[in-house]
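Open the model in your viewer and keep the selection tool at hand. The tour goes stop by stop.

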Amino acid sequence: MDLETKVWLLVQKPPEQVFEAVANPRQMSRYFISAGSATMTTGAQLAWTWADKNLSLPVRVGAVEPGRRIEFTWAPAGRETWVRMTFEPAAQGATQVTVIAGDWPSDEAGMVPYFEQTQGWMHMLCCLKAYLEYGIDLRAGKAA
Amino acid sequence: MDVRFQVQTEILRPVAAVFDAVVNPAKLSGYFIKSSTGPLVLGSTVIWKFPEFPVETPVTVTALEPNRRLVLTWSGGQTYDTQVEMTFEPLAAARTLVKIAETGWTPDEGGLKLAQGNCMGWTHMSTSLKAYVEFGINLRAGAFSTELIEKEMGLRAT
């Protein structure tokens with residue numbers, strides 16, 4: 001069995017708006033990255049930068065359905081990883097945002113990125129929610 | 001295989017304010033639980049209710065050093081107990097590093113899955129703690145629903 005992680009959260013905004021806050025690098029830089037070099041569209045190749053960590057990572061976007069789904073691959077800890085994000089309508093105009101990522105071997109070594117990426121993506125979703133609902137940057141002073 | 005995880009968050013507030021926001025139920029219910037039968041005091045067992053989880057959770061405090069460390073035992077494994085250790089480290093400029101680790105998982109597929117769910121949960125809790133003490137907001141409000149928790153985690157009201 002390979003390990004894949006799944007985290008999710010409700011954001012009290014419609015799917016189109018939540019999707020835009022992820023796909024548009026100017027918005028994403030308000031709560032997650034320092035900068036992104038391009039919008040997340042199908043087949044796009046871009047880079048996410050974290051100035052405080054002196055880190056820049058290439059992101060290869062696969063399929064994108066505007067307002068619904070973004071798939072990409074990257075190597076957050078030196079190992080190629082796939083990520084699937086979905087944006088589903090929920091009750092009262094909210095959006096269920098889900099991130100599934102993987103995979104890693106089901107052993108001591110695989111457990112490290114499994115839990116790191118669980119934390120990393122849940123933190124990202126919390127920051128996304130705080131940005132869209134309260135207009136604040138929770139990453140300032142950083143976490144993780 | 002030892003199944004364990006640790007999450008951490010840096011909070012731009014002094015240790016005493018952060019520690020109190022965890023042990024004091026009037027504050028903890030502002031971003032994490034719905035209610036507690038009492039404060040977290042060494043040797044005590046309190047019952048936590050959550051805003052959306054259809055369960056009541058007994059929590060026993062097995063170690064407590066004010067403003068430094070808190071160890072809890074609860075039924076993180078659903079049918080068995082796990083241990084949650086929270087540490088609070090003072091950093092420069094009146095900041096605090098909070099670390100939360102949970103151990104005691106069965107070393108198998110089931111343990112890995114439950115631990116992953118709680119890793120997600122403690123990440124949400126520690127980020128919400130930060131949002132609460134820094135901005136005075138409740139990030140748990142509208143973050144989960146009973147319906148989705150039942151769908152995603154297979155929990156049922158008891």
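Two strands count as paired if DSSP finds at least two bridges between them. Keep that cut-off in mind for the first stop. Note also that this is a predicted model.

Stop 1: Select E2(B) and strand E3 (residues 45-49) of chain B. Two bridges join E2(B) to E3(B), and the two run antiparallel. Now pick Ser35(B). Which residue of E3(B) is the bridge partner of Ser35(B)? It is Lys49(B).

Stop 2: Show the seven strands of chain B. They form an open sheet in the order E1-E7-E6-E5-E4-E3-E2, with antiparallel pairing.

Stop 3: Select helix H1 (residues 15-23) of chain B. H1(B) lies across E1, strand E5 (69-74), strand E6 (82-91) and strand E7 (95-103) of chain B. Its direction is at about 160° to E6(B). Next, select H3(B). This helix also packs on the sheet, where H3(B) touches E1 and E7 of chain B. The direction of H3(B) makes about 10° with that of E1(B).

**Stop 4: the contact between the chains.** Show both chains. Chain B gives 28 residues to the contact and chain A gives 30 residues. On the side of chain B that touches chain A, the elements giving two or more residues are strand E1 (5-11), helix H3 (109-135) and helix H4 (146-153) of chain B. Which of them gives the largest share? H3(B) does, with 11 residues. Colour this side of chain B by residue type: 15 residues are nonpolar, eight polar and five charged.

**Stop 5: backbone details in chain A.** Zoom in on Gly102(A) and Asp103(A). A cis peptide bond joins them, with omega about -15°. Asp103(A) lies in strand E7 (residues 95-105) of chain A. Move to Asn54(A), in the loop between strand E3 (45-50) and strand E4 (55-65) of chain A. Asn54(A) is not a glycine, yet its phi is positive, about 55°. Buried or exposed, what is Asn54(A)? Asn54(A) has 7 other C-beta atoms within 10 Å, so it is exposed.

**Stop 6: an asparagine in chain B.** Finish at Asn67(B), in the loop between strand E4 (56-65) and E5 of chain B. Asn67(B) has a positive phi, near 65°. With 16 C-beta neighbours inside 10 Å, Asn67(B) counts as partly exposed.

How values were computed: Residues are numbered from 1 along each chain as its sequence is written. Chains are lettered from A and ligands numbered from 1 in the order in which they are written. This is a predicted model: local features need pLDDT of at least 70, side-chain atom pairs count only at pLDDT 80 or more; totals for chains, interfaces and linings use all residues. Two residues are in contact if their C-beta atoms, placed from the backbone, lie within 7 Å. Helices (H or I, at least four residues) and strands (E, at least two) are DSSP runs, numbered from the N terminus. Ala, Val, Leu, Ile, Met, Phe, Trp, Tyr, Cys and Pro count as nonpolar, Asp, Glu, Lys and Arg as charged, and the others, Gly among them, as polar. Axes are lines fitted to C-alpha atoms, for helices over the stretch in contact, and angles run from 0 to 180 degrees between N-to-C directions. A residue is buried if 20 or more other C-beta atoms lie within 10 Å of its own, exposed if 12 or fewer, and partly exposed in between; C-beta atoms are placed from the backbone.
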